[in-house]
Amino acid sequence: MPFSFANVDGRACLVENESYFDLERISQGAISPDPMRAIAQNDEFREIAASLGSQEKDGIISEVTLCAPIPRPRNSFGVGLNYKDHAEESKMDLPTVPVVFTKYPSCITGPFDDVQLRGDSNDYEAELVVVIGRTTRDLPSNQAWSHIAGLTIGQDISDRDLQLAARPAHFGLGKSRDTYGPTGPLLVSPDSFTDPNDLSITCDVNGDRRQNARTSSLIFDVPFLVSYLSEIMTLEAGDLIFTGTPAGVGMPDRRFLNPGDVITTEIEGIGVMENICR
Ligand code: ZN
């Protein structure tokens, strides 16, 4: 069954339309209230998701604080240069293997949290984020979707001067300052989409459209990335993969983020994130 999962003020919930349902309550305690534990039980709550129509709701999501759906991922991967037009604007050759870096889990924040800017070369990167749903090792790409709990939206906020300060560049540090990983608002199961490989993704800064693409133009698509990483290390439920950003980032013109800027990131079928820079 399709489901939409949210972290409502620290508690695992399912969402239908605008209503949320506390998972521990509607499962009579079978599902953990902790989003990190609950997401590993996604097989169990898929069943419950089918019965939300007969459940009493706990509230409306617009009236509560939505936190990162996966607040403390064990591992969090980033993929660089994974859209052809972004590799070109970065004046880099197209990769022949995925360019993978660590987006340190401590940078993960919620879908409406502020981004606390440091330095003066900070950039936005709208990204589709994959959430692993079960222990995954040596998985063929044609089975990848069945190991994915869902998809969410991410911003891979990047301090460009820091990212490029070392040779070779240390992407991990440049993209992992505190608050540089907004994610959310919902984690949406793959079977909720007509085609989870082809979703519209956009990013606006102060209402000005900067990025506009489809995830079908990823160089290394979601099944490939999951398969590739699973051959290197065991993936576990709640691991995140930031799949890369399309063209339109600020770096080519050094059109960077400033305090007060509002970053709006949207992916078809998942929702909208809004983050204000401070
Ligand atoms: Zn990125």
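This is a predicted model: local features need pLDDT of at least 70, side-chain atom pairs count only at pLDDT 80 or more; totals for chains, interfaces and linings use all residues.
Author: Let's start with a rule: two strands pair if DSSP finds at least two bridges between them.

Reader: OK, so what makes β14 and β15 a pair?

Author: Strand β14 covers residues 200–205 and strand β15 covers residues 208–214, and they share six bridges in the antiparallel sense. The rule asks for at least two bridges, so they count as paired. Take Cys203: its bridge partner in β15 is Gln211.

Reader: What sits between the two strands of that hairpin?

Author: Two residues, and Asn206 takes a positive phi near 50° in this hairpin.

Reader: Why is Thr152 called buried?

Author: Its relative accessible area is 2%. Buried means under 20%, so Thr152 qualifies. You'll find Thr152 in strand β11.

Reader: And what does Thr152 touch?

Author: Skipping neighbours within four places in sequence, its contacts include Pro69, Glu127, Leu128, Gly184 and Ile270. With Gly184 there's a polar detail too: a polar atom of the Thr152 side chain lies 3.3 Å from the backbone oxygen of Gly184.

Reader: What makes Glu125 and Arg160 a salt bridge?

Author: Their closest N and O atoms are 2.8 Å apart. The limit is 4 Å between a side-chain nitrogen of Lys or Arg and a carboxyl oxygen of Asp or Glu, so the pair counts. Glu125 lies in the loop between β9 and β10, and Arg160 in helix α5, 35 residues apart.

Reader: Are those two buried or exposed?

Author: Buried. Glu125 has a relative accessible area of 4%, and Arg160 has 3%. The cut-off is under 20%, so each of them gets the label. They also belong to a network of salt bridges that links Lys103, Asp123, Glu125, Asp156, Arg160 and Lys175.

Reader: Then why is Arg134 called partly exposed?

Author: Arg134 is at 28% relative accessibility, which is between the 20% and 50% limits, so it's partly exposed. Asp43, at 44%, gets that label too. Arg134 and Asp43 form a salt bridge, with the closest N and O atoms 3.0 Å apart. This pair links distant parts of the chain: Arg134 in the loop between β10 and β11, Asp43 in helix α3, 91 residues apart.

Reader: How many salt bridges turn up in the whole structure?

Author: The search finds 21. One of them joins the side chains of Arg254 and Asp161 (3.5 Å, N to O).

Reader: Last one: which residues have the most contacts inside the largest nonpolar core?

Author: That core has 47 residues, and the ones with the most contacts inside it are Val130, Leu151, Val222, Val226, Ile241, Leu257 and Ile270. Apart from it lies another core, of 25 residues, including Ala12 and Leu23.

Note on methods: Residues are numbered from 1 along each chain as its sequence is written. Side-chain values use heavy atoms; hydrogens and water are left out. Helices (H or I, at least four residues) and strands (E, at least two) are DSSP runs, numbered from the N terminus. Buried means under 20% relative accessible area, exposed over 50%, partly exposed in between (1.4 Å probe, protein chains only). A polar contact is a pair of N or O atoms within 3.5 Å; within protein, one must be able to donate a hydrogen and the other to accept it, and residues adjacent in sequence count only if both atoms are side-chain atoms. Contact means heavy atoms within 4.5 Å. A nonpolar core is a set of buried Ala, Val, Leu, Ile, Met, Phe, Trp, Tyr and Cys residues joined through side-chain atoms within 4.5 Å.
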